[in-house]
Amino acid sequence: MTETETEVRGSPMTIQQVSRLSGLSEPTLRYYEKIGLIPAVDRDRDSGHRRYHPRVVETIKALGCLRSTGMSVRDMRAYLSHLDEGARGAAPLRDLFQRNADRLEREMALMEVRLRYLRLKSDLWDARERADAGAEYRAIDELTDVIDALQP
């Protein structure tokens, strides 16, 4: 068992430890507490520093995964609210994840267009450097279509 696994299963963790484990920044952890996405975190009696208990850490790890997909706070809140509903919560959770998967797929398609734009610009400047007018015109022609796809 690693030190991090021991920390999660055992004693409360500091904000630094939770940040490192979850990938969420310390300000994000404080914000999630402030808006009630995670419950109020206990404080050390002597220092006043936050001490995250293992159950909360598990929730925060899940939120870190959801955030890494670009999920909104509203959807993360919905996710947490449906977790304890059992079979009744399955359909709303399925829909939430499908909607977010669809959103991410659209974002990825747009990223592909942006990547194509950058590659074509590179090709254009490469052709210009080599004084290859034919390759330069081909890049410009392709760029026209890509630029149209990038316009809102």
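**Helix pairs, burial and backbone**

Mentor: Begin with a pair of helices: α2 and α4 cross in a right-handed sense. A crossing is left-handed if the near helix is turned anticlockwise from the far one by less than a right angle, and right-handed if clockwise. Helices here are DSSP runs (H or I, at least four residues), strands are E runs of at least two, and both are numbered from the N terminus. This is a predicted model, in which local features need pLDDT of at least 70 and side-chain atom pairs count only at pLDDT 80 or more, while totals for chains, interfaces and linings use all residues. Residues are numbered from 1 along each chain as its sequence is written, and side-chain values use heavy atoms, with hydrogens and water left out.

Trainee: At what angle do α2 and α4 pack, and how far apart are their axes?

Mentor: Two packed helices are described by the angle between their axes and the distance between the axes. For α2 and α4 the angle is about 40° and the axes are 9 Å apart. Axes are lines fitted to C-alpha atoms, for helices over the stretch in contact, and angles run from 0 to 180 degrees between N-to-C directions. α2 and α4 are therefore oblique to each other; under 35 degrees counts as roughly parallel, over 145 as roughly antiparallel, 65 to 115 as roughly perpendicular, and the rest as oblique.

Trainee: Which residues of α2 and α4 meet?

Mentor: From α2, Val18, Leu21 and Ser22 meet Val57, Ile60, Lys61 and Gly64 of α4. Contact means heavy atoms within 4.5 Å.

Trainee: How do α5 and α6 pack?

Mentor: The angle between α5 and α6 (residues 90-130) is about 155°, and their axes lie 10 Å apart. That makes α5 roughly antiparallel to α6. The α5 and α6 crossing is left-handed. On the α5 side the contacts come from Asp75, Ala78, Tyr79 and His82, and the α6 partners include Pro92, Leu93 and Leu96.

Trainee: And how do α6 and α7 pack?

Mentor: Their angle is about 155°, with the axes 9 Å apart. That makes α6 roughly antiparallel to α7, and the crossing of α6 and α7 is left-handed. Residues of α6 that meet α7 include Leu110, Val113, Tyr117, Leu120 and Leu124, and among their α7 partners are Ala139, Ile140, Leu143, Val146 and Leu150.

Trainee: Where is leucine 150, and what is it in contact with?

Mentor: Leucine 150 is in helix α7 (residues 133-150). Setting aside neighbours within four places in sequence, its contacts are Leu110, Val113, Arg114 and Tyr117. Leucine 150 has a relative accessible area of 27%, so it counts as partly exposed. Under 20% is buried, over 50% is exposed, and partly exposed lies in between (1.4 Å probe, protein chains only).

Trainee: Which residues of α3 are buried?

Mentor: In α3 (residues 26-34) they are Thr28, Leu29, Tyr32 and Glu33. Seen down the axis of α3, these residues fall within an arc of 140°, so they line one face of the helix; the arc is that of the directions from the helix axis to the C-beta atoms. Pro27 and Lys34, on the other side of α3, are exposed. The cover over the buried residues includes α2 (15-22), β2 (50-51), α4 (54-68) and α5 (73-82).

Trainee: What does glutamate 33 touch?

Mentor: Not counting residues up to four places away in sequence, glutamate 33 touches Ile38, Pro39, Ala40, Val41 and Arg50. Its relative accessible area is 14%, so glutamate 33 is buried.

Trainee: What should I look for in phi?

Mentor: Most residues other than glycine have a negative phi. Alanine 131 has a phi near 60°, a positive value in a residue other than glycine. Alanine 131 sits in the loop between α6 and α7, and at 69% relative accessibility it counts as exposed. Just after α3, glycine 36 also has a positive phi, of about 85°.

Trainee: Which residues does the UniProt annotation "coiled-coil region" cover?

Mentor: The unreviewed UniProt entry gives residues 94-121. In the model that span is 100% helix and 0% strand, and its end C-alpha atoms lie 40 Å apart. The entry also places "domain: HTH merR-type" at residues 12-82, a span that is 59% helix and 6% strand, with end C-alpha atoms 26 Å apart. UniProt positions are in the numbering used here, feature names are shortened, and annotations may be inferred rather than shown by experiment.
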